[in-house]
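Here is a friendly walk through a model with two chains in view. Please keep the structure open beside you as you read.

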Amino acid sequence: MTPVSAGILYRIVEGFLSVLPVDASGRRVFAETLADWRREMDTAQTGPRRVVVGLQGLGAVARGLLHVSVREGTSREGVATLSRLAAWSVATVMVIIALNWSQSLTVQGTRVAVGPAGVALGSVAWLVALMPVLAYVSAACVRENAPAPPRLGPALLMGAVMVLAMGWGLPAANQAYRELTFAMFRPGEVLPPGLSERTFGELVGLLSSGSSESALSELHHRLYWVIAVPVMLASGMTTRSFVGWRRAAGTVLPLVIFIVPFLAKVDSGYTRLSEWVALLTVVAVIRVFVRATTLERQQGHDAPNHK
Amino acid sequence: MRLPPTERYILSLLSAVGPSYGLQLVQASGGRLKRGGIYVTLGRMEQKGLVSSTRQDDARRIYELTGLGHRALAALEILGDVSGARS
């Protein structure tokens, strides 16, 4: 039981750590780190000392989280998971490029091919849009009895990749594509970037301008993608523990739930909300399947004839 | 067995201070070891068989060198490869 003296910050951090998908050794790291924090808080006599202990505890948890993530992300299973996602991504980009190879634009009544560079640049947006699905499918679709992978490290690593992609990579690719195609119409002219072509820093700068509402909406959209990809990756890895009919249902159902808001004609005012609701529902459904699988295993273990 | 510098340092520190909690090792290291990260390193060393741990009531563990840990430390000292925890 958390002692009263632990403080609100400790309780928040403890609650956050309890929902992270880490293995037993990661749990032990966090348990010992939190135990140190409690012990130091118990001996902190003054308010300033308690603040210092709180910040030290937070720093220790952050450091433990980083070390656990790096250990998991660089483990054999973690590298295999990320390599599989990379392979699926490369294959998807190749398919996208093949489908759009003959893409052309009408310039002053004449069809002009976008060209390989334009097709490649245009594929980046498609890849980013498909990334949550790719993460889920690449993590879930492995052979039976594959070793249980660590989830936190690969998920956090993909989160970091998505921050770079959504913050700088995708805007740069979008702008390069627009400039390439714009040059077909107006060679020599400069095309200013739109909202989708602004980096994170530029969007934050726009929050205090007249475009604050649009900038906030764009930031919200990109934040969703930064969070959705690691959540779907961790969810896909979790489905590997399901057996029997739960393996099929637990793999397909969350994917369908995630995709529904993008296929349904949701009123524009509720689009973002529906996407977040779908993502949270995916997590809830996975947890229900995990609980059911765990209960079934326990009942099988406790059965009278179990040897 | 090749050991990273942090693990070599923890071996020598545990030899110097005896069985300790992770937080005690952090405090004894004078800043060289960090809270949080030390438990990942100690867990790895325990998997290698260099240290063993005993869980206490409050989820903390007392760590101490195993026989393998003592022999590894002795070998490192012969090679002159241990940095100064045993002063």
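A salt bridge here is a side-chain nitrogen of Lys or Arg within 4 Å of a carboxyl oxygen of Asp or Glu. By that rule, the count between chain A and chain B is three salt bridges. In one of them, Glu40(A) joins Arg35(B), with the closest N and O atoms 2.7 Å apart.

A word on the ground rules. This is a predicted model, in which local features need pLDDT of at least 70 and side-chain atom pairs count only at pLDDT 80 or more, while totals for chains, interfaces and linings use all residues. Residues are numbered from 1 along each chain as its sequence is written, chains are lettered from A and ligands numbered from 1 in the order in which they are written, and side-chain values use heavy atoms, leaving out hydrogens and water.

**Where the chains meet**

With contact taken as heavy atoms within 4.5 Å, chain A brings 17 residues and chain B brings 16 residues. The area buried between them is about 1500 Å², meaning the accessible area (1.4 Å probe) that the two parts lose on being put together, summed over both. Carbon and sulfur atoms give 54% of this area. In chain A, Arg28(A), Glu32(A) and Asp36(A) lose the most area to chain B, together 38% of what that side buries.

**A sheet in chain B**

Helices (H or I, at least four residues) and strands (E, at least two) are DSSP runs, numbered from the N terminus, and two strands pair if DSSP finds at least two bridges between them. Chain B has an open sheet of three strands in the order E1-E3-E2, with antiparallel pairing. Strand E1 (20-21) and E2 of chain B are at the edges with a single partner strand each, so one side of each has no neighbour in the sheet.

| Strand pair | Bridges | One facing pair |
|---|---|---|
| E2(B) and E3(B) | five bridges | Val51(B) and Leu65(B) |
| E1(B) and E3(B) | two bridges | Ser20(B) and Tyr63(B) |

E2(B) and E3(B) form a hairpin with five residues between them, and Ala59(B) in the turn has a positive phi of about 75°.

Glu72(A) sits in helix H3 (residues 47-73) of chain A. A polar atom of the Glu72(A) side chain lies 3.0 Å from the backbone nitrogen of Leu152(A).

Conventions: A polar contact is a pair of N or O atoms within 3.5 Å; within protein, one must be able to donate a hydrogen and the other to accept it, and residues adjacent in sequence count only if both atoms are side-chain atoms.
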